Amino acid sequence: MEKIFLGTNWKMHKTVQETREYLNTLLSLNIGLDNSKVQLFVIPPYTSLWDARDCLTDTKILLGAQNMHWEDQGAFTGEISPLMLEEIGIDIVELGHSERRQYYNETDQEINKKVHTALKYRFTPLVCIGEKDRHKQFSGSEEIVREQLKTILAQVDIKDISNIWIAYEPVWAIGEQGKPAEPSYVAEIHQVIREVLVELYHQKAAKGVNIFYGGSVNLANAYQLIKQDNVDGLFIGRSAWSADSFTAIINHLLKKCFY
Ligand code: PGA
């Protein structure tokens, strides 16, 4: 394991003031963190992005937005454009989280358009994929993940592929009702993801893509998950919404993985 990636999507949580408190605490708890071993990232709601950018100036923690429209600007009430995010100076844009798909009917075709826009603006697209419970029950997980990836990556050039991060987040594992996937199951699906990347691009390029697992990650299961082959990082919700609990996971993994 060379370097692990640990990040959190806050979903629709935290005011601007809470954002500042969280990030200041996270920074003070992680002074001297070895960035060659761990890359942290946080994905707050839009309203907190300016203040988050301010708190994270001159730090190694990357900042992301939770969504973005594919057009530069236009008559799309309620949407946020890449130009607006560029002005803030975000690093990452999360695309296709299962809640966006479930509640706002986002499709793989739309996510594909957003990926192209993100690459144009030099944001790292963090693309979320994953099957629903009913797919898993009928052994359809691999097929779903393959199909999602192929559509989302359509027309993405080989020179750009290593700039894309993929988060495998099975829908049944996410949130209050979710239960974490078994590490062996995660390894199986991550292997499939890597295979699809090899099919679409060549071996070397495919190997350069970071693949993360997300869905009910916590302090107790984080190491078992991250030590699986083809798991380059963890994408964490609830267990990282306090700076203390996120730091506990960071320290635990650093110790288990590197020391
Ligand atoms: P969770 O959220 O860790 O709270 O299950 C994960 C996610 O939605 O990315």
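**Close-up views of the ligand site and the nonpolar cores**

View 1. A backbone N or O atom of G237 lies 2.9 Å from an oxygen atom of the ligand, a polar contact (a pair of N or O atoms within 3.5 Å). A ligand oxygen atom is also 2.8 Å from a polar backbone atom of G175. At R238, an N or O atom of the side chain is 2.6 Å from an oxygen atom of the ligand. Taken alone, the ligand exposes 290 Å², and the protein buries 99% of that (Shrake-Rupley areas, 1.4 Å probe). This is a predicted model, where local features need pLDDT of at least 70, side-chain atom pairs count only at pLDDT 80 or more, and totals for chains, interfaces and linings use all residues. Residues are numbered from 1 along each chain as its sequence is written, and side-chain values use heavy atoms, without hydrogens and water.

View 2. Around the ligand sit K11, H97, E169, A173, I174, G175, G215, S216, G237 and R238, each with a heavy atom within 4 Å of it. This shell divides into 2 nonpolar, 5 polar and 3 charged residues, with Gly counted as polar.

**View 3. Now for the largest nonpolar core.** Among its 73 residues, L6, I193, Y213 and L234 touch the most other members. Such a core joins buried Ala, Val, Leu, Ile, Met, Phe, Trp, Tyr and Cys residues through side-chain atoms within 4.5 Å, buried being under 20% relative accessible area (1.4 Å probe, protein chains only). Apart from this core lies another, of 10 residues, including F5, F41, I92 and C128.

Methods:
A polar contact is a pair of N or O atoms within 3.5 Å; within protein, one must be able to donate a hydrogen and the other to accept it, and residues adjacent in sequence count only if both atoms are side-chain atoms. Buried means under 20% relative accessible area, exposed over 50%, partly exposed in between (1.4 Å probe, protein chains only).
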